Amino acid sequence: MEALQIILAGSLVAITCGLLGCYLILRKMAMVGDAISHAVLPGIVIAFLISGSRDSVIMLLGAGLIGIFTTFLIEFFHKRGRLQTDASIGVTFTWLFAIGVILISAYAGKVDLDQDCVLYGEIAYVPIDLWITKSGTILGPRVLYIASGVLVIILVFIVLGYKELFLTTFDPAYAAAIGISTTLWHYLLMGAVSITTVASFESVGAILVVALLIAPPATAYLLTEDLKKMMILSTLLGVLISITGYYLAAAFDGPIAGGMATMAGVFFALAFVFTTTAPRLKRSIKTEKG
Amino acid sequence: MGNRLIIGVLVIIFGCGTDQEKVRDSSKLNIVATTGMIGDAIANIVQDSAVVTSLMGPGVDPHLYKATQGDLQKLTSADVIFYNGLYLEGKMGEVLEKLGRVKPVIAIAEKVDANRLRKAEEYNDSYDPHIWFDVSLWQEAVQVASGELQKRDPDNAAFYAQNTQGFQAQLDSLHQWVKKEINVIPKSQRVLITAHDAFGYFGHAYDIEVKGLQGISTLSEYGLRDVANLVNYITDRKIKSVFLETSVSKKAINAVVQGCIDKGFEVSIGGNLYSDAMGPQNTPEGAYIGMVESNVRTIVDALK
């Protein structure tokens, strides 16, 4: 029962992250998830300084707003400053994180306030973190609702905007020529990434989200060159990682997020060995659809 | 057909999150505590009439603790859960608080007299969670735990009450002993310098000034000026020793020691203090009383 709930939560997050991760990898912005995980610190501190409370909802709000601001800054430096995206990501998140550290030292040194303490969740708590209504009805694990909700939002976003996202990712010049705003779709995608990552940090913890955002799409990228196939493959990989990772953690009585992130690495290594030692097989898979 | 299957699966998944496997000895109460200190207190109250498990082992920083797959099993199969609260367990505390609506979960530090808690001046819900360093305050927490246990397990209530009395007597004499020992240190030397701000209650209860380099959060890093101020303070007051903590890195304190040496004042490292976790099991420091005694001896030996 608990195993099923945890695996389901892991799978939901993995699928959402994997779908968005495909676009991030193709746009060379894979590290944006890691960047957001650090950059949310000032958001948490400011939210606390304003509200005086360390409640999850308030922390989420602060983190979410700063997350969107982070992706905005990254794009701004990239576009206006003609900075490479990786440099732009690096500058933005270290700067924001540093502001957070200074703010804590200056205003909140007497309060235990950091992402680990007030924002990052832990996937092991999924079965006991229940959503209970005021009247006392138990509606089941809260995280499953959040993760399903985010997945639905992201699915709708990708289905409705598939053509636009596809064109702005692969051929921005052509997209612009036929009247699709690359900037608008970039910000929409980044907004989706911020919402997903911040909500997932709160549900299952940061390391797991960063790993799931990159590893499954990167693995799928090795196996196929078709975007749709890549998204389907990373979805399958996400579910597989969730299942095997859980049982790896159970076997060693270790942290579940650690088990899942480890399996994400194992699958990537397998795909890597497979594609480099059997190039012919790879070509046949790749050319199947072309 | 398909719909019914999906609904069935959803009911299974979301439905009953708390069904427990009843394989263990059901006559005994199954109690889970977060920190070793709480586990020790409960074990002293219930003796062998209940099963007590602590999640966090020796040397673990409770602020950063990550639950394992096995911990989850322990939490879901527990009859009663005790935790410290006041954000000592970070996010885990929030989850436990919510779990309190479906099974008995008690935050013992949040049940003691709020007037005795140390508060960060400007903020409402921000108390210092390290209450176990004031033995008399910890006694209050033990009393809270004992009361809860007597309520949950009426059959053993008299036994628990009797054990609690015995344990409280031990703590009484421990409290007096610590007072007496700290008094041995000359007033001018009565300063406890550590890396992070965990000994506030200790200082308040036993009349020893406490200086921490870092704030309570491990992310609030010490500034260069903090180090310089502390170095000046140590050299001015000619403090003999500073202390390390078993669950916090010693880099920060080493910076202070080096700073003093550069100014030509030799300050020694007084030893390791147990702050957020107890010592290894089956050693004297692996129990609350032994841990406090060890800390006090280390402090007195280094400063007197």
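1. Let's start with a strand pair: β3 (residues 80-83) of chain B runs parallel to β4(B), and three bridges join them. In DSSP terms, strands are E runs of at least two residues and helices are H or I runs of at least four, numbered from the N terminus; two strands pair if DSSP finds at least two bridges between them. One bridge to look up is B:Phe82, whose partner in β4(B) is B:Ile106.

2. A word on the model. It is predicted, with local features needing pLDDT of at least 70 and side-chain atom pairs counting only at pLDDT 80 or more, while totals for chains, interfaces and linings use all residues. Residues are numbered from 1 along each chain as its sequence is written, and chains are lettered from A and ligands numbered from 1 in the order in which they are written.

3. Now the whole sheet. Four strands of chain B make an open, parallel sheet, ordered β2-β1-β3-β4. At the edges are β2 (50-54) and β4 (105-107) of chain B, each with a single partner strand, so one side of each lacks a neighbour in the sheet.

4. On to domains, with bounds from an automatic or database assignment. Chain B splits into domain 1 (24-173) and domain 2 (178-303), and their centres, taken over C-alpha atoms, are 26 Å apart.

5. Where do they touch? In chain B, 21 residues of domain 1 are in contact with 23 residues of domain 2 (C-beta atoms, placed from the backbone, within 7 Å). On the domain 1 side, α2 (36-46) and α6 (135-152) of chain B each supply at least two residues. The largest share of that side, four residues, comes from α2(B).

Conventions: Two residues are in contact if their C-beta atoms, placed from the backbone, lie within 7 Å.
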